[in-house]
Amino acid sequence: MAKRSSSFGAGVSPEDKKKVSKEGFKKALKIFRFTLPYKGTFAIGFVFLILSQITTMSIPLLMGQMVGAIVSPDQMANASTGISGGMVADKLQNVFHEAPKFTLNEVTLIFVGLLILQSVFSFFRVITFTRVSEQSMRDLRNALYSKIITLPVPFFEKNRVGELMSRITTDVSQLQDILSITSAELFRQIFTLIGGIILISFLSSKLTLFMLLTFPLLVVSAIIFGKFIRKNAKKVQDELAATNIIVEETLQSINVVKAFTNESLEAHRYGLSVQKVVDYALKAATFRGGFISFIIFVLFGGVVGVVWYGGNLVLQGELVFKDLFTFIIYTGFIGGSVGGLGDMYAQIQKTVGASERILEILGEESEVKITDITVPIKVTKTEASSTATPKIQYRNVAFQYPSRPDMPVLKDISLSVKSGEKIALVGHSGAGKSTIVQLLMRYYHLAKGEILVDGKNINTFDITDLRKNIAIVPQEVMLFGGTIYENIAYGNPEADETLVIEAARKANALEFINSFPEGFKTIVGERGVKLSGGQRQRIAIARAILKDPAILVLDEATSALDSESERLVQDALDRLMQDRTTIIIAHRLATIRNVDTIYVLKDGGVAEKGTHDELVLIDEGIYANLVKLQFDNAMMIE
Ligand SMILES: Nc1ncnc2c1ncn2[C@@H]1O[C@H](COP(=O)(O)OP(=O)(O)OP(=O)(O)O)[C@@H](O)[C@H]1O
């Protein structure tokens, strides 16, 4: 069976190494095809975005009008005549040479109206963008999950479960952010930047030019600081991923950790990794802190400069006070959007990385198709089972695992199983018994030779049809978190209740299931009732009975059950094997005395072959020795 990687927490795959190249960006844009079905809603959201942006950009203008209404020349003149006579009034007349268009009350009223409009637009903008992003991300997650589970087995040997999990969670969330927040934000920033500059240049081109002089300084420093910040942020992310892998692997194998009393070792390993996260984060924070304080200095320095220069223009009569006021607010807006653009770049960079990784998986070739299960599938007799009990042949099969290409596991295997026959594979641990079966399921490609079912190369069958006709009762029975009923029905999700109960009965499982207060509704799996080894095996047998396959593979449990449990399981297995072509991966030789042929594997080939009675007679034969060894062991235990 597929082995778990033994290198606990070793090496995190290098992700996000690339900069945002034009190519990468173009490629990443492909992920937006998931938003295409919702382009209508997106367009509506965009209209709301523009409307809300226009209202936002009107705020400084209205504020200017308010100031204008407060400090109108008449008021100022009236207020100041009492103090120092006509001179001041004249000067003020100069400064506020424009008569206000509206009274204070009128402007306030317009302002309130505008704010109401803005909140309505913003509300609908948020709702529509969220709708688009949530729906398209749902589609993306579905596509990604469907893709992942339809990929061939070797893919899962190359990729860690933790990494695949983060593709479907973190990376998709990253994309979701860019859709719902970042893209709107980016548009807003650019709109504010360009619109703001155009508007202020109408107010005063001289002052606009003066303000823009601070820009290059901002942009250059943002680029330099940004580079360092991103580099360290990336390291933080990588290290965080490494800590997550430690948590995941140790929790998954918590029994192993405890059995080896390695709690302290793991806690120490985790501690070191978490400390590295802190170190990188602090380093990144130094750059970020420096950058922020620098930007604050330049931004506020710019504002002070604008006020100073603008103030002079006002005093020289080249600018009206309320326009200077409006100008300053716009400058704040523009400054904010420039500051935000740096952040935006980092976001886009992350998104490009995330979408590249997702697209990579989506680009892999599936071995099976996902069918729409809302349409009831008619369980038809497929090609592979055109005769109810097919025969199987292995012809000179050679194989090595893709992850270990230099280690041939099978060198030359030839075997045949006639219709309805039972054969057993025997050999020392690692001889390749499970591998032979995995090849029948087409989990891997052969290096040489061929496997035939009913005289036809298995590669010519539709992979789903082929697998539908084979059931495996594995060594380690894996139960899904759910009810016993669901776990049995997994063998054939279309089966009705009577069939499920009947399968449980045939598998000798009905009695123990009914002994639970909840019966078939008893929750098993990670958070449920823990079933004994024998009970789990009987659930697996019930599953296989429900699947009703033409070919059966029994991967015998290595650990012996107590004799009562053993009898129940064996009895259920005998019933299951009836009239089915069966391959037994045998560990305990007592159970295979009656099979038609026993194949003894050694060094990647078949070393001995025959019935039990024939093989025990071979002098110094491998099988004969194994039987003797197991017999001696049994005697010793007794
Ligand atoms: N997914 C895999 N990738 C690489 N090598 C593997 C993989 N699975 C098994 N192997 C190797 O292939 C060889 C045969 O393994 P296999 O599981 O078929 O043996 P087995 O006879 O079933 O052993 P056991 O009786 O212990 O279950 C072993 O050396 C094993 O390390």
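This is a predicted model: local features need pLDDT of at least 70, side-chain atom pairs count only at pLDDT 80 or more; totals for chains, interfaces and linings use all residues.
An unreviewed UniProt entry lists residues 40–63, 107–128, 186–203, 209–229, 291–309 and 324–342 under "transmembrane region". Two of these spans can be followed in the model. Residues 40–63 are 100% helix and 0% strand, and the C-alpha atoms at the ends of the span lie 36 Å apart. Residues 186–203 are likewise 100% helix and 0% strand, with 26 Å between the end C-alpha atoms.

The next step is to look at how helices pack. In general, two packed helices are described by the angle between their axes and the distance between the axes. For helix 2 (residues 39–70) and helix 5 (residues 104–149), the angle is about 160° and the axes are 8 Å apart. Helix 2 is therefore roughly antiparallel to helix 5, and the crossing of this pair is left-handed. The residues that form the contact of helix 2 with helix 5 comprise 19 nonpolar, 11 polar and 2 charged ones.

A second pair joins helix 8 (residues 205–212) to helix 11 (residues 263–315). Their axes come within 10 Å and cross at roughly 160°, so the two helices are roughly antiparallel to each other. The crossing of helix 8 and helix 11 is right-handed. On the helix 8 side, the contact is made by Lys 206, Leu 207, Phe 210 and Met 211, while helix 11 contributes Gly 302, Val 306, Tyr 309, Gly 310 and Leu 313. Sorted by class, the contact of helix 8 with helix 11 has 6 nonpolar, 2 polar and 1 charged residues.

The axes of helix 16 and helix 18 come within 8 Å and cross at roughly 130°. At such an angle, helix 16 is therefore oblique to helix 18. This crossing is right-handed. Helix 16 takes part through Leu 499, Val 500, Ala 503, Ala 504 and Lys 506, and helix 18 through Ala 542, Ile 545 and Leu 546. The contact of helix 16 with helix 18 divides into 7 nonpolar residues, no polar ones and 1 charged residue.

Finally, attention turns to the ligand. The ligand is surrounded by 15 residues, and the closest of them are Tyr 401, Ser 429, Lys 433, Ser 434 and Thr 435. Helix 13 (residues 433–440) supplies the largest share of this shell, with 3 residues. By class, the shell around the ligand contains 4 nonpolar, 7 polar and 4 charged residues.

Methods:
Residues are numbered from 1 along each chain as its sequence is written. UniProt positions are given in the numbering used here, feature names are shortened, and annotations may be inferred rather than shown by experiment. Helices (H or I, at least four residues) and strands (E, at least two) are DSSP runs, numbered from the N terminus. Axes are lines fitted to C-alpha atoms, for helices over the stretch in contact, and angles run from 0 to 180 degrees between N-to-C directions. Angles under 35 degrees count as roughly parallel, over 145 as roughly antiparallel, 65 to 115 as roughly perpendicular and the rest as oblique. A crossing is left-handed if the near helix is turned anticlockwise from the far one by less than a right angle, and right-handed if clockwise. Two residues are in contact if their C-beta atoms, placed from the backbone, lie within 7 Å. Ala, Val, Leu, Ile, Met, Phe, Trp, Tyr, Cys and Pro count as nonpolar, Asp, Glu, Lys and Arg as charged, and the others, Gly among them, as polar. A residue is near a molecule or strand if its C-beta atom, placed from the backbone, lies within 6 Å of it.
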